[in-house]
Amino acid sequence: MTIHAFILASRPLGERDRIISVFSREEGRMVLVAKGAQRSTSVQRMHTDAFSQITCGVVRGRALPIMTSAQTVHAYPEMHASLPALAMASFMSEACERLVPFHDPDEALWDFFTHAYEDLNAGRLLTRATITARQEALLTVLGYPGPRGRCALCLREEHPNGWFTHADIGGRVCASCAPRGSVTASGAGIGDVGAQFEVTAGARFASLPLLRAVLQ
Ligand SMILES: [Zn+2]
């Protein structure tokens with residue numbers, strides 16, 4: 001099988017190999033082993049950098065599938081040279097790793113990554129307003145209503161008392177509809193979309209402090 005994929009993360013595995021976390025067009029999110037990619041002389045290593053787009057073969061392995069004959073399709077050099085752009089790419093990758101299930105292809109999410117990386121590489125999308133709008137768009141692509149969405153239960157758009165989330169409800173609900181056990185989405189300010197990602201994922205995002213810092 002051949003896949004086209006964005007590399008979300010690349011981590012050492014023992015002394016020789018690397019674990020490559022990808023979002024692929026054909027198979028959705030996957031974790032692959034890149035054999036020998038840990039060695040500095042490895043040709044494969046050049047094609048396993050995070051925040052790049054690659055094409056590669058995938059074959060069955062003992063535990064995890066194995067990446068073969070990887071080729072870089074887009075390295076996004078300008079994006080890698082810009083700290084704000086890199087911070088956003090890192091955030092998008094973490095959101096994908098935390099919120100996207102394995103083996104669930106998603107053409108809309110593939111398009112989102114394609115366009116966002118092109119914009120980041122071109123130096124667009126680097127103001128607080130555009131980054132926030134992109135974060136909201138990503139939440140929507142992932143199936144969660146953004147801050148300007150409607151209450152998932154009563155469909156009202158007004159939210160004078162802010163939004164709430166609940167583990168059993170896939171989206172935001174208004175104060176009137178919020179069931180017992182709901183948590184406010186305003187932990188870091190209602191306008192902070194990053195906080196909404198953390199509430200949705202139920203985890204702190206390691207990439208958010210840097211993204212917030214570079215956007216100030
Ligand atoms: Zn409601």
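Residue numbers start from 1 along each chain as its sequence is written. In this predicted model, local features need pLDDT of at least 70, side-chain atom pairs count only at pLDDT 80 or more, and totals for chains, interfaces and linings use all residues.

The domain assignment of the protein gives domain 1 (2-75) and domain 2 (78-214). Such bounds come from an automatic or database domain assignment. The C-alpha centres of domain 1 and domain 2 lie 26 Å apart. Their contact draws 13 residues from domain 1 and 16 residues from domain 2. Two residues are in contact if their C-beta atoms, placed from the backbone, lie within 7 Å. On the side of domain 1 that touches domain 2, β1, β2 (17-24) and β3 (28-34) each supply at least two residues. By class, this side of domain 1 has seven nonpolar, two polar and four charged residues. Here Ala, Val, Leu, Ile, Met, Phe, Trp, Tyr, Cys and Pro count as nonpolar, Asp, Glu, Lys and Arg as charged, and the others, Gly among them, as polar.

Strands (E, at least two residues) and helices (H or I, at least four) are DSSP runs, numbered from the N terminus. Two strands pair if DSSP finds at least two bridges between them. Strand β1 (residues 2-13) pairs with strand β4 (residues 53-59) in the antiparallel sense, over five bridges. I3 stands opposite C56 in β4. β4 also pairs with strand β5 (residues 66-74), again in the antiparallel sense, over six bridges. The bridge partner of Q53 is H74 in β5. β4 and β5 form a hairpin, with six residues between them.

Helix packing was described by axes and angles. Axes are lines fitted to C-alpha atoms, for helices over the stretch in contact, and angles run from 0 to 180 degrees between N-to-C directions. Angles under 35 degrees count as roughly parallel, over 145 as roughly antiparallel, 65 to 115 as roughly perpendicular and the rest as oblique. A crossing is left-handed if the near helix is turned anticlockwise from the far one by less than a right angle, and right-handed if clockwise.

Helix α2 (residues 83-99) packs on helix α3 (residues 107-121) at an angle of about 165°, with the axes 10 Å apart. α2 and α3 are therefore roughly antiparallel to each other. The crossing of α2 past α3 is left-handed. In the contact, A85, M88, A89 and M92 of α2 meet F113, A116, Y117 and L120 of α3. By class, the contact of α2 with α3 has eight nonpolar, no polar and no charged residues.

α3 also packs on α4, at an angle of about 160° and with the axes 10 Å apart. That makes α3 roughly antiparallel to α4. α3 passes α4 in a left-handed crossing. A108, L109, F112 and A116 of α3 make the contact with R134, L138 and V141 of α4. The residues of this contact of α3 with α4 divide into six nonpolar, no polar and one charged.

The axes of helix α4 (residues 128-141) and helix α5 (residues 193-201) come within 9 Å and cross at roughly 25°. α4 and α5 are therefore roughly parallel to each other. α4 passes α5 in a left-handed crossing. T132, Q135, E136 and L139 of α4 meet V193, G194 and Q196 of α5. The contact of α4 with α5 divides into two nonpolar, four polar and one charged residue.
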